[in-house]
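The following note sets out numbered points for a colleague who is meeting this structure for the first time. Please read it alongside the sequence and the model.

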Amino acid sequence: MNKRYRFFAIAFFCCFCFFGNSFFANAQVDTGDVIESDDDLDFDMDGFEEADDTVIKQYCNNKINNLNPTTLVGLSYDFMFGAELESTNPDDSDSTFSYNSPISLNQGIRLDANVPLVSKSNIILNATFSYWESRYNFDQVDTRDPLAVSLNNNGLRTATLGVLAFKPLDEKHFLIFQAATSLNGNYTFGTYDFGEVEPDFGKMKYTASLLYGWKKSDNQNIAVGLTRTYRGGRLLHIPIFLWNKTFNSKWGMELLLPARGGIRYNFSALSSINFGYELEGQSYLLQNSPSAPDLFATNNYELRKSEIRGRIMLNQALSSFIRLNIQAGVAPAYRFDLEDDGSNDGNQVSVGSLGLPMYFRIGLNFVSP
């Protein structure tokens with residue numbers, strides 16, 4: 001048999017198998033025990049064969065009634081005013097100094113992204129990314145204070161890349177895992193690349209959290225765990241506690257202690273207000289600029305920055321997948337210290353204070369519809 005005949009023979013065989021199988025399958029439906037005729041919709045459940053007795057495992061989900069939907073992409077503008085940077089000597093320092101530099105405005109954009117990678121009943125895995133800027137505008141800079149001069153020249157930036165996983169174990173128990181790496185510092189950007197102060201990728205910060213939780217109901221979940229975090233301005237290994245509870249159609253509570261906590265009031269399914277706080281913090285590497293006189297003795301100085309933001313936060317739906325987010329409150333500094341070493345055993349150079357500045361944030365969140 002030459003190649004042409006062999007090709008037609010194979011094609012005929014495949015067509016016969018495909019259409020023939022469909023024909024005989026239909027014939028079985030028409031004449032089988034389950035369905036007596038095409039026009040007769042009555043059937044007997046006993047006509048079905050017994051289903052596979054394999055037990056299908058059920059899992060809890062991560063949703064709590066009346067919580068705001070998950071933000072996929074959020075873009076906001078954050079600004080603070082009414083602050084005055086006061087730098088003084090540490091208690092154990094041999095020298096005595098006090099510098100004051102009033103800040104007219106501290107502002108910057110914030111971009112947060114939460115991209116689903118895997119979304120199944122037995123695991124949810126998301127990739128996370130964020131970029132925050134913090135630019136300082138001083139009314140007057142005390143040039144003796146290297147920290148104030150550096151903030152005035154370059155500001156602060158943080159870029160974070162991480163993963164967030166929700167792993168249900170059964171209908172009542174779950175795990176939450178989060179890991180991220182951050183590039184924090186006074187690095188700058190040029191037109192197409194980094195500016196003259198380039199980031200030091202060897203000084204990236206790593207954080208992680210692991211929680212074990214209980215899904216009590218669709219109105220409540222509780223979890224406990226451990227975290228490695230810089231929210232206090234320096235590296236901490238501390239226990240964490242999560243508790244989300246919806247009391248009724250209007251009121252609820254959202255806690256992730258010590259990072260944040262709040263009481264929620266739902267005006268409707270599309271609008272809510274939250275009264276609470278959030279602890280924000282990072283450790284920022286401060287480097288000298290190659291084109292300016294050195295401010296620091298080495299490029300290993302770090303700013304331990306942390307603030308407690310007491311806030312009122314409004315979430316208002318503009319459409320099924322766009323939410324307006326407005327925050328207002330005060331942001332006293334929990335820590336604003338300069339140290340001369342990237343390690344936790346670094347020597348403290350100055351102790352900073354910002355008073356009790358007010359802050360505002362406005363942004364749009366693109367949420368899961």
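1. Leucine 270 sits in the loop between β11 and β12; helices (H or I, at least four residues) and strands (E, at least two) are DSSP runs numbered from the N terminus. With a relative accessibility of 49%, leucine 270 counts as partly exposed, where buried means under 20% relative accessible area, exposed over 50% and partly exposed in between, using a 1.4 Å probe and protein chains only. Not counting residues up to four places away in sequence, leucine 270 touches Asn315, Gln316, Ala317 and Arg323; contact means heavy atoms within 4.5 Å. The C-alpha atoms of leucine 270 and asparagine 315 are 8.0 Å apart, although 45 residues separate the two along the chain.

2. On the basis of the note: this is a predicted model, in which local features need pLDDT of at least 70 and side-chain atom pairs count only at pLDDT 80 or more, while totals for chains, interfaces and linings use all residues. Residues are numbered from 1 along each chain as its sequence is written, and side-chain values use heavy atoms, with hydrogens and water left out.

3. The protein chain as a whole has two helices and 17 strands. Of its 369 residues, 38% are buried. Among contacts between residues at least 6 apart in sequence, 61% join residues at least 24 apart.

4. Which residues of the largest nonpolar core touch the most other members? They are Leu85, Leu147, Leu151, Leu303 and Phe336, in a core of 17 residues; such a core is a set of buried Ala, Val, Leu, Ile, Met, Phe, Trp, Tyr and Cys residues joined through side-chain atoms within 4.5 Å. Two or more residues each come from β2 (83-88), β4 (123-138), α2 (146-154), β12 (271-286), β13 (301-317) and β15 (333-339). Helix α2 provides the largest share, three residues. Apart from this core lies another, of nine residues, including Ile176, Leu211, Leu242 and Leu256. In soluble globular proteins, nonpolar side chains tend to be buried together.

5. Leaving aside neighbours within four places in sequence, phenylalanine 336 is in contact with Leu85, Tyr136, Leu147, Leu151, Leu303, Arg304, Lys305, Val351, Gly352 and Leu354.

6. Just after α2, glycine 155 has a positive phi of about 70 degrees.

7. Is serine 101 buried or exposed? Serine 101 is buried, because its relative accessible area is 0%. This residue belongs to strand β3 (residues 98-120). Its side chain reaches the backbone nitrogen of aspartate 142 at 3.0 Å. Beyond neighbours within four places in sequence, the contacts of serine 101 are Glu84, Leu85, Phe138, Gln140, Val141, Asp142 and Ala148.

8. Proline 357, in the loop between β16 (348-353) and β17 (358-367), is likewise buried, at 0% relative accessible area. Proline 357 and proline 332 lie 25 residues apart in sequence, with a C-alpha to C-alpha separation of 6.4 Å.

9. Two backbone features deserve a check by eye. Leucine 257 and proline 258 are joined by a cis peptide bond, with omega about 5 degrees; proline 258 is in the loop between β10 (251-257) and β11 (260-268). Asparagine 66 is not a glycine, yet has a positive phi of about 75 degrees. Asparagine 66 lies in the loop between α1 (3-31) and β1 (71-81) and is partly exposed, at 32% relative accessibility.

Definitions and conventions. Polar contact = N/O pair within 3.5 Å; in protein donor to acceptor, adjacent residues only side chain to side chain.
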